[in-house]
Amino acid sequence: MVARVIPVEDFDLVIFGGTGDLARRKIFPSLYHRFVAGQMPPEARVFGAARADIGDADFRTMIREALDEFVPDADRDPEQVKAFLGRLHFVTIDATGENGWAELAQRMRPGVIRAFYFSVGPSLFGALAERLHKHKIATPDSRIVVEKPFGRDLASAKALNATLAAHFAESQVYRIDHYLGKETVQNLMALRFGNMLFEPLWNSHYVDHIQITVAETVGVGGRGAYYDNAGAMRDMVQNHMMQLLCLIAMEPPARFDPDAVRDEKLKVIRALDPLEPHEIVRGQYAAGDEPGYREDAGDPKSRTESFIALKIHISNWRWAGTPIYLRTGKKLKSRASEIAVVFKDAPHSIFGDDAGQHRNILTIRLQPNEGMTLGVTIKEPGPGGMRLIDVPLDMTFADALGPELEEAPDAYERLIMDVIRGNQTLFMRGDEVEAAWAWTDPIIEGWEARHDVPKPYDPGSNGPEDSMMLLHRDGRRWREIKP
Ligand code: NAD
């Protein structure tokens with residue numbers, strides 16, 4: 001079976017920051033893949049717009065080099081690359097000045113979808129929005145795409161939302177969180193709302209607790225200075241992990257449409273209890289064979305966390321009494337992202353205490369090796385009486401779906417095409433982002449007020465010892481971090 005390609009309408013897409021790292025690494029390679037998949041209409045064009053004083057030809061050379069670097073050899077066909085580059089154009093533009101805007105206005109075609117990707121720092125969002133409006137480049141149907149980070153606290157997120165709202169309706173604003181574009185993350189919704197099997201059990205009567213882990217093996221390396229300004233809470237929890245939490249915990253929306261889905265996610269965020277200090281563990285990787293976090297960050301006294309574990313409570317009927325444990329960190333044992341739904345013990349073991357009753361655990365692996373496993377209890381084979389063992393009902397999506405999964409667009413490809421289609425389901429709404437910051441802010445302010453110092457942990461470990469204690473205190477344990 002070949003992955004289905006849904007055609008999109010003709011468009012002009014402008015990438016502000018078109019010469020930047022994100023554009024070269026992600027945006028143009030993604031567009032190339034969609035072009036090869038046949039999803040770009042015959043007349044559709046993409047403009048790079050940045051301060052560089054170059055023309056179309058130089059820009060095409062730059063993007064050809066980016067494709068050489070960031071598109072796997074097997075996917076790069078010289079004829080396709082040439083045809084794709086023919087769709088690219090460049091306008092030298094200054095976001096904060098007047099240079100280039102008249103030219104951009106003049107080069108846009110009437111009657112096609114116009115989308116503007118703000119792949120620049122957030123300090124330029126206001127200037128771009130204002131000039132798109134002033135030069136009548138944006139139409140009432142135009143879309144703007146903005147990258148993370150969307151603010152660093154509630155006040156700055158509100159200010160950014162207000163800046164965009166001055167010129168664009170919320171229905172025109174696409175806040176990217178690439179996690180939401182991942183195949184497996186969307187599968188969470190299919191799993192929950194496309195099956196009868198799980199939903200009746202998806203509540204505190206049957207679920208003991210949930211674990212969400214996003215573990216990385218890399219450190220902050222070259223982006224230490226940027227990261228040190230953010231930390232795991234701002235960089236991962238407030239956005240990506242919050243989105244995973246919402247998809248796992250939300251009520252079934254009435255329809256799979258943007259506002260129905262986002263309304264339900266918002267309700268989850270608003271139902272989160274404030275966290276107490278004992279429900280938070282912060283860590284920093286120590287020096288090992290390689291430099292430690294503080295050296296990577298370039299600040300020997302840094303108090304920024306490269307690891308965080310949280311015990312979260314959702315105060316609503318579905319989840320009261322079922323904690324959600326969440327952890328993420330750098331330089332951990334393995335690279336693995338997964339969600340584990342740990343069901344309660346059977347109410348009574350008819351086989352006696354020695355039989356070894358196991359809990360059912362539904363594990364959804366987001367990466368690597370995407371798939372899901374349901375641990376079920378069966379009898380240990382053999383004559384040794386009724387001894388119970390836990391065996392996995394295991395589905396690796398790549399085995400089950402084969403080439404179709406491989407051909408599925410990656411997160412950026414899907415999300416950019418969703419922008420052209422005008423589908424906001426997988427993008428964060430302004431109120432969602434603000435609600436997430438409203439929950440996060442007091443936690444971060446608490447650390448700052450207490451001068452909280454993260455606990456050191458060994459590179460290649462499971463994080464600080466206190467993270468284990470967070471669950472041990474409740475008679476629970478983290479699942480092993482393994483790929
Ligand atoms: P970058 O510094 O590599 O590129 C910035 C781009 O903006 C360049 O093309 C530059 O010419 C352009 N630019 C800067 N000032 C300008 C001005 N006054 N007028 C016109 N153009 C101007 O940055 P990046 O890494 O590509 O990141 C872009 C945005 O995406 C940032 O907001 C960043 O936080 C976000 N982001 C980046 C990544 C990543 O992997 N690089 C990941 C997630 C989010």
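Modeller: For residue classes, Ala, Val, Leu, Ile, Met, Phe, Trp, Tyr, Cys and Pro count as nonpolar, Asp, Glu, Lys and Arg as charged, and the others, Gly among them, as polar. On that scheme the shell around the ligand has eight nonpolar, six polar and six charged residues. This is a predicted model, where local features need pLDDT of at least 70 and side-chain atom pairs count only at pLDDT 80 or more, while totals for chains, interfaces and linings use all residues. Residues are numbered from 1 along each chain as its sequence is written, and side-chain values use heavy atoms, with hydrogens and water left out.

Colleague: How many residues surround the ligand, and which are the closest?

Modeller: The ligand is surrounded by 20 residues, with Thr 19, Asp 21, Leu 22, Arg 25 and Ala 95 the closest. A residue is near a molecule if one of its heavy atoms lies within 4 Å of it.

Colleague: Which helix gives the largest share of that shell?

Modeller: Helix α1, residues 21–36, with three residues. Helices (H or I, at least four residues) and strands (E, at least two) are DSSP runs, numbered from the N terminus.

Colleague: What lies 2.8 Å from a nitrogen atom of the ligand?

Modeller: A polar backbone atom of Ala 95. The side chain of Arg 51 has an N or O atom 3.3 Å from a ligand nitrogen, and a backbone N or O atom of Gly 17 is 3.4 Å from a ligand oxygen. The cut-off for a polar contact is a pair of N or O atoms within 3.5 Å.

Colleague: How much of the ligand does the protein bury?

Modeller: The protein buries 72% of the 830 Å² that the ligand exposes when taken alone. Those areas are Shrake-Rupley, with a 1.4 Å probe.

Colleague: Switching topic. What volume does the second largest pocket have?

Modeller: About 730 Å³, as the space filled by probe spheres set on the grid points. A pocket is an open set of points on a 1 Å grid over the protein atoms alone, where a 1.4 Å probe fits, with protein on both sides within 12 Å along at least five of seven lines; lining residues have an atom within 4 Å of a point.

Colleague: Which residues lie nearest its centre?

Modeller: Ile 361, Trp 478, Arg 479, Glu 480 and Lys 482, out of 26 lining residues. Elements giving two or more residues to that lining include β12 (361–367), β13 (371–379) and α16 (465–472). By class, the lining of this pocket has eight nonpolar, eight polar and ten charged residues.

Technical notes
Polar contact = N/O pair within 3.5 Å; in protein donor to acceptor, adjacent residues only side chain to side chain.
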